[in-house]
Amino acid sequence: MEQELVSGTIAAVVFENPENGYAVIKLDSDDGGLITVVGTIPAPAAGERLIVTGKWTAHATYGRQLEAEFLERLLPDSTAEIRAYLSSRAVRGVGPKTAEKIVAAFGTDSLKILEAAPERLTEIDGISRKKALEIGASFRQQVAVRRLIEFLAGYRIPAQVAVRLYRVYGAQSLERVQEDPYLLAQPQFGAGFGAADQLALELGFDGDDARRVEAGVIFELRHNLTNGHTFLPQDKLVAATSQLLSLEAEPVIAAVDRLTELGRVEHSTIAGIAAVYLPEYYEAETAIAARIRAMAQHPPAPLPDAERVLQGIEAIAGITYAERQRDAIRMAAERRIMILTGGPGTGKTTVLSGILTLFSKLGRKTLLAAPTGRAAKRLSELTGRDAATVHRLLEAQVSPENGEMFFARNEDEPLECDAVIVDEMSMVDVLLMHSLLEALPQEACLVLVGDPDQLPSVGAGSLFSDLIRSGIVPSVCLTEIFRQARQSLIVMNAHAVNRGELPVLTAKDRDCFFLRRRAPAQLVQTVCELCARRLPQNMHIPAGEIQVISPTRKGETGTANLNRALQAALNPPQPGRHEKLSGGSCFREGDRVMQIRNHYDLPWKRANGSSGTGVFNGDIGTIVSIDPKEDQIHVLFDDREVVYEPEMLSELELAYAITAHKSQGSEYRAVIFAIGGGSPMLLTRGVLYTAITRARELLLLVGNEELIAQMTQNNRRNKRYSGLRFRLQGEA
Ligand SMILES: Nc1ncnc2c1ncn2[C@@H]1O[C@H](COP(=O)(O)OP(=O)(O)OP(=O)(O)O)[C@@H](O)[C@H]1O
């Protein structure tokens with residue numbers, strides 16, 4: 001659609017979100033009509049003049065509105081507009097009465113006085129010097145944010161970036177950006193390296209400017225965290241940065257040296273490789289290694305009368321433990337740290353419950369945690385004890401100053417406990433482990449439980465595998481599959497796949513079936529029929545308890561397309577069922593949705609009135625209502641209701657179908673794994689294994705058996721650069 005340019009005066013502010021600057025305003029356009037403008041318009045105030053560039057869109061309830069992409073904002077110049085502007089409480093300390101007095105005293109010079117000579121406000125009755133200066137400061141802040149937005153808009157950098165920048169640098173923001181545009185590439189500002197680089201080059205920075213090359217090096221290290229690497233070999237880092245900036249190696253090597261001197265990167269030799277780290281990852285690895293080594297080397301404290309104690313626990317559980325299970329429970333009591341691993345059905349949870357019983361007999365106050373909300377909930381259901389996410393355990397909070405997340409539990413405010421047990425350890429990354437260890441009291445012990453064959457953590461590093469492979473942490477690996485679990489073809493197939501053997505796909509009357517669908521369209525149709533009719537009718541499994549999983553997002557059998565088809569099958573449009581279109585997706589009341597990034601300060605409320613903050617990557621909920629008037633979507637995550645404003649919808653996705661990666665740490669009554677294609681990076685044994693092990697009662701593999709065979713064979717694990725194993729072994 002065509003970009004439109006409209007100018008006018010703000011008549012009213014309908015809605016405003018001060019956090020991100022999103023607003024809905026009524027604009028008295030110079031062409032004569034009153035129009036609705038929506039977009040990032042931080043701190044709008046009636047009376048202000050705007051020149052808006054944007055696109056017209058049609059809103060289901062509100063009709064035509066202009067979505068602002070770029071804004072030029074001019075302060076009002078007539079006395080009437082200035083009066084309206086100041087009356088709107090845009091400037092802290094000024095209400096309608098004071099506005100009236102200011103305009104009466106200074107006329108069209110009012111705003112100039114506020115900016116340059118606020119002390120003159122004392123000429124007005126009732127304004128003290130202190131108040132006059134406060135008013136001046138508030139006004140100057142407004143002007144500074146606006147200038148910043150306008151400056152960045154000139155380089156097509158969105159206003160949200162300006163708002164975030166202002167939160168950190170305040171009135172100095174513009175100066176700071178002009179001095180070093182690469183500031184904008186820092187993740188908390190979100191402009192991206194490309195945009196910052198373009199701005200710098202347009203401002204006249206040389207290609208080999210030190211600030212540019214240093215920012216390029218840091219960008220490469222950061223970017224590679226998303227590929228799982230906690231460090232990069234120096235030669236790879238130099239080559240990648242040279243290519244990024246179209247420069248020779250020399251200036252890049254010089255930049256790495258300068259960054260080293262400034263402490264902005266760290267160096268180590270890992271297995272003979274010159275490794276370059278971002279400081280927080282270097283600190284995380286070195287601190288984890290030091291603490292874990294000390295815990296692992298702590299002399300064992302023998303459990304008195306162990307045999308009788310274990311028998312007592314067996315009696316409570318009504319079970320006879322296998323030898324390794326007994327070893328594990330005893331080890332947990334005797335050692336400062338231990339690792340318990342095993343595939344599905346090998347009794348990890350059974351042992352974990354035994355450890356809990358033992359710890360309570362020993363009077364140890366024990367905290368239970370898992371990396372995701374769903375995993376924590378399941379752990380709590382299985383053990384009958386409270387379990388929290390690791391983030392909640394550590395009391396994750398958002399700093400009001402810079403909007404960054406931090407943990408209230410740390411070295412100074414450690415957890416109050418004698419032991420911590422963490423399940424689903426394969427999902428924990430090095431930064432989270434570092435924080436957990438910092439908050440762990442010196443004398444407390446730690447039990448780490450997980451299945452190392454699950455997909456590795458989303459965050460950088462290969463923490464769990466490094467801990468296991470280092471060989472220094474006391475460990476028990478459970479391999480025996482128990483009778484009950486052996487009856488499950490889901491469990492047996494998971495183990496078969498893990499050994500590189502084909503899963504059994506032909507058995508009848510079992511909990512695992514295969515349906516051959518080679519044509520993608522047919523595959524999608526079958527998945528929809530299974531969810532909408534066959535499983536609910538024939539197996540009495542409601543659609544809400546079925547999870548469709550695909551290895552990939554893309555393609556006809558990827559999650560994006562499956563979601564569209566499943567939405568149409570399970571939750572079609574209906575009169576009275578509200579919808580909201582956003583970024584190519586349609587959200588509808590009744591839809592299953594997933595939050596796709598950690599949002600630590602997103603508020604939630606329970607029906608009982610209790611409230612809190614934090615919705616996390618992978619949390620799945622249901623759209624309970626869409627309020628067209630407020631333009632808000634209400635999503636229920638278990639019992640917590642969260643309100644999404646329009647600009648937050650990029651954090652939400654339909655979740656009838658999710659990728660295997662996103663399914664980690666969750667379990668579903670029935671899983672349908674749709675295997676119709678994907679890149680070789682995704683068609684791996686780890687992905688198949690993870691998908692299979694998500695199913696509790698029923699697993700349906702739908703698609704192409706050759707791809708299943710291919711996945712079983714493809715044991716590729718993308719190599720992650722990590723120094724933790726060597727550090728644990730004392731070799732780095
Ligand atoms: N020593 C034992 N004797 C008999 N049954 C056992 C024993 N240990 C575990 N089981 C049974 O084996 C099954 C699997 O155990 P559990 O759920 O603890 O395994 P898990 O490793 O946690 O599995 P998953 O990862 O699939 O949840 C359960 O039904 C459990 O009761």
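User: Which residues does N714 touch, not counting residues up to four places away in sequence?

Analyst: N714 touches P680, L683, T684 and R685; a contact here means heavy atoms within 4.5 Å. Please note that this is a predicted model, in which local features need pLDDT of at least 70 and side-chain atom pairs count only at pLDDT 80 or more, while totals for chains, interfaces and linings use all residues. Residues are numbered from 1 along each chain as its sequence is written, and side-chain values use heavy atoms, with hydrogens and water left out.

User: Where does N714 lie, and is N714 buried or exposed?

Analyst: N714 lies in the loop between α25 (705-713) and α26 (724-728). Helices (H or I, at least four residues) and strands (E, at least two) are DSSP runs, numbered from the N terminus. N714 has a relative accessible area of 18%, so it is buried. The cut-offs are under 20% for buried, over 50% for exposed and partly exposed in between, with a 1.4 Å probe and protein chains only.

User: What does the side chain of N714 reach?

Analyst: The side chain of N714 reaches the backbone oxygen of P680 at 3.1 Å. Such a polar contact is a pair of N or O atoms within 3.5 Å; within protein, one must be able to donate a hydrogen and the other to accept it, and residues adjacent in sequence count only if both atoms are side-chain atoms.

User: Now the sheets. What is the order of the six strands in the open sheet?

Analyst: The order is β11-β10-β14-β15-β9-β16, with parallel pairing. Two strands pair if DSSP finds at least two bridges between them.

User: How many bridges join β9 to β15?

Analyst: Five bridges join β9 (residues 337-342) to β15 (residues 445-450). Within this parallel pair, I337 stands opposite L446 of β15. Helix α18 (residues 463-470) packs on the sheet, where it touches β9 and β15, and its direction makes about 105° with that of β9. Axes are lines fitted to C-alpha atoms, for helices over the stretch in contact, and angles run from 0 to 180 degrees between N-to-C directions. Another helix, α17 (residues 430-439), lies across β14 (419-422) and β15, at about 155° to β15.

User: And which strands make up the open sheet of five?

Analyst: That sheet has the order β17-β30-β29-β18-β28, again with parallel pairing. Its edge strands, β17 (512-516) and β28 (657-659), each pair on one side only. From one strand to the next, the twist averages 25°. Inside the sheet, β18 (residues 546-550) and β29 (residues 668-675) pair over four bridges, and I546 has A670 as its bridge partner in β29.

User: What lies across β18, β28 and β29?

Analyst: Helix α22 (residues 559-570) does, running at about 165° to β28.

User: How many residues are between β19 and β20 in their hairpin?

Analyst: The hairpin has two residues between its strands, and G583 in the turn has a positive phi of about 45°. β19 (residues 579-582) and β20 (residues 585-588) pair in the antiparallel sense over four bridges. E579 is the bridge partner of R588 in β20.

User: What does the UniProt annotation say about residues 562-637?

Analyst: The unreviewed UniProt entry annotates them as "domain: ATP-dependent RecD2 DNA helicase SH3". UniProt positions are given in the numbering used here, feature names are shortened, and annotations may be inferred rather than shown by experiment. In the model, the span is 12% helix and 51% strand, and its end C-alpha atoms lie 22 Å apart.

User: Turning to α8, what should its 16 residues span?

Analyst: At 1.5 Å a residue, helix α8 (residues 210-225) should span 22 Å; its end C-alpha atoms are 23 Å apart, which agrees. The expected span is 1.5 Å times one less than the number of residues.

User: What caps the N-terminal end of α8, and what covers its buried residues?

Analyst: D209 is the cap: one of its side-chain oxygens lies 2.8 Å from the backbone nitrogen of R211. The buried residues of α8 include V213, V217 and L221. Among the elements that cover the buried residues are α7 (193-202), β6 (231-233) and α9 (234-245).
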